[in-house]
Amino acid sequence: MGKIDRSELLEYFLAEAEDYLNVLSHGIPELAVTTDRNTLLEELFRAAHTLKGAASIVRLTVTSQIAHSMEDILETFKNGQLEVEKDVVDLLLTMLDAIAHIVRDISAGKEEREGVEKQFTERVAEVLARAKVLGKESEFGLEDDYKMAEAFPAIAAEIEVSAEQPAALTETVKQQARLPEHKDTAVPVVPEDKPEDQTGRRKDDIEYFFGNFVRIDLKKIEEMFNLISEVTIMKNSMLKKTKEAGEVSEAVLFAGKKLLEEVNTFAERHAYTITDNVKYIDPLFSDFGELEFDRYDEQNLFSRKLQEMTEDITEALKELMSFYGGFQEDIKSLDKIVRFLRSDLSDSRMIDIGRLFQRFVRPIKDLAREYDRRVDFQISGQSTKIDRVIFENLFDPLMHMIRNCVSHGIEKGDERIRRGKRKEGVISLSARREGINIIIEIRDDGAGIDTKKVFNAAVKQGLIKPEEKLSREEILALIFLPGFSTADATDMTSGRGVGMNAVRSQISNINGMLEISTEVGKGTAFLIRVPSSLAITNVIVFNYGEIEFVMPTSLIEEVVQYEPAENKSRDRGDTMTMVNYRGTAIQAKKLSDVFYINGNGHADKKDNFVIVCSISNKKIGLIVDNVLIQEEAIIKPVNKFLEGLSIYSGITISGEGKVRLVLNPLKVFEGETRTFMIAPPEAESLEGRRVLIVDDSLSVRKYLSAFLTTRNLKVYSASNGGEALKMLEENEVDLIITDLEMPIMHGYELVSRIRASSKWKGIPIIVLTSRSTGKHKEKALELGADDYIIKPFDETGLMESLKKFSMLPV
Amino acid sequence: MKKEDMHDGMKGEKTYCVFGVGEREFLLPAEDVREVVDIARIFPIPGAPDYVYGALPLRGKIIPAVDLSKIYPIEKPSYASPKLLIIDVENENIGFLSETSPFFVTFDDDIVVDDLIDIKSFFDTYRIKTMGYGKN
């Protein structure tokens, strides 16, 4: 599809609009009574201003125009040109209601009703005339809004405004269509119990809540997750115990049956018979035969009693068994419910991967232009759900690989034609679920990777010796070495020596694996395998003596019986040994050697296992004592105190409450792949330079952040000056881009505070604002801003400015 | 606590938690101690420095247990029936092993307390930053 999904942007807008509407709704009636009118006006003005901007980005022109008029009126208040009078306040509230109505419509999947704004034109003009400023256009004319939309081409220009759009809104939003109608047509009634509300508005008109979003602190979800893991551990332990109880009761039942049989046989023989030696004791019996009179001696009585008791016991055992059966059923349904609950909760952290894919549409266009390539970008499998944490961690590595596809993969147009290919190169990004894993594939139909070139480049960079003999797989694995690059140093966006090593590392942090396949002249494909959820992961449990470890199955190729390889010629002699895997010898490492623990008493045994992983196309094994079980586990992040132990990607707790460490195979074998290294090449890099964005509009922050990250910059963002200072305390930053009008602390104050601080005074500051007057600019520069860009801004202007401060290569 | 927060003429007091390792006693501000637990079983963490005695699960969290005898010059403690003080620090929890049952004492806050552990700087100093093992 390749277009930015408007419904997604609308979701952001709706979430944002709710906040601004509430600010206005609470604030406007306060105007008449407040003691600190200036602060309140400032706040209201900003809310209207931001709402206007946000609406124009998603092409809600009616909303934008009404908000603009509100802004104008508020500005006359602010400048003291107009007294706050009741009729004006009422007008503002009516306008606000109109916007709220539109927003409600939008969230119900409808479009704006045209011309709503016209009902206000006259009254707004009248109010502004009263303010004696009629005819004087305020500094941001309406045209600006449209310019603003143009300046956000990634968002606005690609929005397909079509009839299907509203239908494309998410299910949740659609459900909102059933919400009760807005009551704006109702006659305003002053409620008896709220006489102080002079505006006559009801409570539900003051508080805007569209019901589409409930904001939940992620911490809350994490907490729930922790509780669910507790319940799961408890449940697992119960499952285990019921199983044990089941075995015991079966044994008892079996013993009981046997007892009954024995007793019955005994009773048959003795219950009604009289032994010969007692016959004479009672002479009365002698008159009757055995069948003519029931006789009872002690033995008879005992055996009958025994029989009765055994029957009672068997009966009780049967009851117990049927109770146990029911209990087991209950535990089983509990198990099921906990699973559902867990997966629902885990779904709440799941996001469509399509939202991630769409972020690449724009950068690919830019890159294609930059490199003079023609690229057809194809996306598939957008609805594949992926864990939020994985989602966030995939952007950087994917961006890097996509950049490689454009700059190294796809050939220039005429060269493609010479090779008999379509002029347009195809880059496809796809996702699919495979069992518990998500497979993401980036494929291009470009030049492919020439292993000879890779080998030579590696020799040149001192990564390998020229005489080394490497297999094709091993040569491809070289591109994942730290510092490896095939590109010329002057390359604009790729080949800065950070490369695929960082990519692989980023992917391994989310328990993912990266593989590459390529054919010269045909193209290259990167395959990323990540677990669909980081929280609940299928793992293999293995041990080293008493210590238990797990490894996510997504990272494991296969588990095989340990079998030392005959041919030890390639044995490195250090910690690696060669083992047989499917007929070939692969390198393997003993778990004990991973930690340099004394391996005595853990000598190679026939019953050891090898866990085979594939690390960037190379099969490598981990020799462990024993593989215990495969199960689902809830992986928790490593305690911050232990975070530096990068060999562990997490910790889990077993059903019995044992601590199990999650091994990260990439880190386990990292030392080994590094043995290739002779000298680390030095590469100056601009990558990873850090920019702090300060703006109160979520949409602007989103847009800027996407713009900058695609240019390889690390982005921090803050919604006001105060937050920005906090971010600066915690993070090193190389450049600051700030808005001027923001709540809590505005841009001027932020700039002067930064310039006054000894720590940050050297950081360049770019002011990005919709204030276009010289007065504003002068003040900003005077306070110490280094550059002043006016919103709506164009990308080249910003790029130029970024280059000026060495944030981008010139 | 800031000076201004105190009432005039009233001396502030501060409560500490006292625990013992070998022959030494250590103090922690009472508000940093979340709870004290008996240790049933501690799980070793291969690769961690020796002062990390192990880790134990506590209500779904995994708490590293720190053995102060590996940090301070203390004769090897027996840890016969050890307790673990669970500490709140940096939105995280760590534990200190104690040989004795910890108790609380209160001093006037102008008294300078010896053997007081500054938990934040302890955390920053001894937090594992990179893997402690390797060929170099």
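**View 1. The largest nonpolar core of this predicted model contains 122 residues.** A nonpolar core is a set of buried Ala, Val, Leu, Ile, Met, Phe, Trp, Tyr and Cys residues joined through C-beta atoms within 7 Å. A residue counts as buried if 20 or more other C-beta atoms lie within 10 Å of its own, as exposed if 12 or fewer do, and as partly exposed in between, with C-beta atoms placed from the backbone. Which residues touch the most other members? They are Ile364(A), Ile402(A), Leu478(A), Met551(A), Ile611(A) and Ala65(B). Helix H14 (residues 388-409) of chain A brings the largest share of this core, eight residues. Helices (H or I, at least four residues) and strands (E, at least two) are DSSP runs, numbered from the N terminus. Domain 3 (353-509) and domain 4 (536-674) of chain A each give at least three residues to this core; such domain bounds come from an automatic or database domain assignment. A second, separate core has 43 residues, including Phe45(A) and Ile66(A).

This is a predicted model, in which local features need pLDDT of at least 70 and side-chain atom pairs count only at pLDDT 80 or more, while totals for chains, interfaces and linings use all residues. Residues are numbered from 1 along each chain as its sequence is written, and chains are lettered from A and ligands numbered from 1 in the order in which they are written.

**View 2. Here we look at the surroundings of Ile611(A).** Two residues are in contact if their C-beta atoms, placed from the backbone, lie within 7 Å. Setting aside neighbours within four places in sequence, Ile611(A) has contacts that include Ile540(A), Phe542(A), Met551(A) and Leu622(A).

**View 3. Chain A meets chain B through 24 residues of chain A and 25 residues of chain B.** On the side of chain A that touches chain B, helix H9 (218-270), strand E16 (648-653) and strand E17 (659-663) each supply at least two residues. H9(A) gives the most, with three residues.

**View 4. Strand E5 (residues 61-66) of chain B is mostly covered.** Five of the six residues in E5(B) are buried. Two strands pair if DSSP finds at least two bridges between them. Strand E4 (residues 52-58) of chain B pairs with E5(B) in the antiparallel sense over six bridges, and Val52(B) has Val66(B) as its bridge partner in E5(B). The hairpin of E4(B) and E5(B) has two residues between the strands, and Arg59(B) there takes a positive phi near 45 degrees. E5(B) also runs parallel to strand E7 (residues 92-98) of chain B, joined by two bridges; Val66(B) has Phe96(B) as its bridge partner in E7(B).

**View 5. Three strands of chain B form an open, antiparallel sheet in the order E2-E1-E8.** Why is one side of strand E2 (24-29) and of strand E8 (103-108) of chain B left without a neighbour in the sheet? Both stand at the edges, so each has a single partner strand. Strand E1 (residues 13-21) of chain B pairs with E8(B) over six bridges, and Cys17(B) stands opposite Phe104(B) in E8(B).

View 6. The pLDDT is the predictor's confidence in each residue, from 0 to 100. Chain A has a mean pLDDT of 77, with 79% of its residues reaching 70 or more. Over residues 488-497 of chain A the pLDDT is below 50. Where pLDDT is low, the predicted coordinates should not be read in detail.
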